[in-house]
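Me: I would like to learn how to read an interface and a salt bridge, and I am new to this. Could you take me through them slowly?

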Amino acid sequence: MRQIVWLLFCREWRLAWRRPGDLLNPLVFFALVVSLFPLAVGPEPSMLRAMAPGVIWVAALLATLLSLDGLFRSDYEDGSLEQWVLSPHPLALMVLVKVLHHWMMSGLAMVLLAPLFGLMLALPLSSLPVLALTLLLGTPILSLLGAVGAALTVGLKSGGVLLALLILPLYIPVLILGTGAMDAALQGMPVTGFALWLGCLAVLALTLAPIAIAAGLRIGVSE
Amino acid sequence: MKPLPVELDSLACERDQRELFASLSLQLEPGEVLQVAGPNGSGKTSLLRIMAGLLPPSAGDMRYGGESVFSGVGRENWRQQRLYIGHAPAVKGALTAEENLAWLCALSRPVANDHIWQALEQVGLRGFEDVPCHNLSAGQQRRVALARLYLEQHPVWILDEPFTAIDKAGVAALETHILQHAARGGLVIMTTHHGLEHLPGVRCLDLGQVG
Amino acid sequence: MNWSFFHKLGSPKWFYDISGRWLPWFAVAGVALLVVGSIWGLFFAPQDYQQGNSFRIIYIHVPAAFVAQSCYMMLAVAGVVSLVWRMKLADVALKCAAPIGAWMTFVALLTGAIWGKPTWGTYWVWDARLTSMLILLFLYFGIIALGQAISNRETSAKATAVLAIVGTVNIPIIKYSVDWWNTLHQPATFKVTAKPAMPVEMWLPLLLMVLGFYALFTVSLLMRMRLEVLRREQKTRWVRETLEKLS
């Protein structure tokens, strides 16, 4: 069991690094969306500071969704997914590894980049660790929930908009908790409660989402 | 691994309100090669996908060694016993032939690299082990997928159009390999538009006549 | 437990026969409840001491919101039945109930917005209830869109079933987070449908309206399901015989 997890991780790692452009695109998109807001509402620091948590979180939501759209599609089209479904190994475990690997390649990079954008949006230095922490806890949830949608739309040619329609409503709790934590941090209030709630949701997503993803993929493959 | 008989019990398949086949019953003994024939759209691929466990049948049952392969222990056991190679070869273009095979085999049981190299040599891909598969031709990619037949230990093979894009010599080598597998007591269920009449002991199931 | 009932329920013909017998009862009960409830609620129930007559829109708003929420739960139950027992009738129910639920949500949103004008002075306020209903509407849209995007009927039914279950697991989380978000951003606004202090003369007609809406929902669901069953089984003999009898 440990061996298959490791082998799968290596496979995903190789596939990712042989097409580095695909890794970079969501990050560039994230940066671009964040940069659009000062251009749209003006560079007034107080206004930017008030908007920053929301802007960064919404950009993270959208970037995650965009990057997830093709998560299973190439495996579906070349028949790899059939072999996964037929394997004696638990499908839920394999998709969990795949999604977590994908998160490491996209979500984690966003977590690392976000403080930089926080600075550009005039957030005070003291709030940046909170931004990174909430994103660190929140982005895995986004990846896991989004993967459920990616699995359900795997056989469809135009999955993108549909995926957003299915999954964005489910992202709302993460968005509220993430921005709530930032608002609290900006007002100098404790954020432990928010972090714990996000952690709770992350554990819930880690345990339940793989089952739903596996079910979605089985349905997609049986088409 | 001792092969057991496969039994189809009034299996039926329905796709989008259209009945492809119904009450299909059949007994397959170890050592048999079954060619599933029929015109396009007669449900050959669907039958193979049902047998592999990818598609639930709309009615009926299938048993391996007396146990249903669609539920419980029987299903877990069946997963270890059958090898399915579908229309799409499951070969990743960005990975090399060796990496592809290592992963595909690991899905059931990991194999050593020497064995992979031997298998690649047997399907005529010597010297292509380290080439990313998107540089290979369609026939060569199909050969990478079929190299699994030389590597894996499953007694039952389910092959959907294995000869697609393969040249004459390759087809002949594969036919020999399939017959050898049957001679060892294995079971092969396959679809192909390539005639197999010249091979001894191949059973034919014509879905065009069953429906 | 008697499982034969459960398996019978899976048979389309049995469902068509039995639902045909139930339908008039539900229809009569629904119309009676709605007529009595609305006349009572609109003309005889006392005015609200704060909102005057404008509160009377709750006789539509609250029942619609009730039905909209329980309809989503029903989708998840149908989804479980469809995935676990592979019952085709559950697929039919799932497909037919989603648009009704979306309409009910829309009615609840619309009446909520109309109610907002005299209460808050504006048509839309990001109130916790209204926001939750809006998200529920998006969840319904997701289910309908996924069901329509997948052409294969079985695949589409199973995929929507999974989505409905995932959505139902998420609904309490969404609901609580939105409530909490609301208290954070809008402390102590005027709470509508305050639970206590609603006299019997006010809530009794509301109860009738809620029951009436449920009956109405059942009637429209059964009618849609019967039509869908006929469409799916059009090749069978019983459907042809039924249609001949009708014409």
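Reply: What follows goes through one interface and then some salt bridges. This is a predicted model, in which local features need pLDDT of at least 70 and side-chain atom pairs count only at pLDDT 80 or more, while totals for chains, interfaces and linings use all residues. Residues are numbered from 1 along each chain as its sequence is written, chains are lettered from A and ligands numbered from 1 in the order in which they are written, and side-chain values use heavy atoms, leaving out hydrogens and water.

Me: How much area do chain B and chain C bury between them?

Reply: The size of an interface is often given as the accessible area lost when the parts come together. Buried area is that loss, found with a 1.4 Å probe and summed over both parts; for chain B and chain C it is about 600 Å², with 23% on carbon and sulfur atoms. In chain B, Asp16(B), Gln17(B) and Pro56(B) lose the most area to chain C, together 72% of what that side buries.

Me: How many salt bridges does the rule find across that interface?

Reply: A salt bridge is a side-chain nitrogen of Lys or Arg within 4 Å of a carboxyl oxygen of Asp or Glu, and between chain B and chain C there are zero, although the count over all chains is 23.

Me: Which residue of chain A meets Glu99(B) in a salt bridge?

Reply: The partner is Arg18(A), at 2.8 Å from N to O. Glu99(B) is buried at 15% relative accessible area, whereas Arg18(A) is partly exposed at 38% (buried is under 20%, exposed over 50%, partly exposed in between, with a 1.4 Å probe and protein chains only).

Methods: Buried area is the accessible area (1.4 Å probe) that two parts lose on being put together, summed over both.
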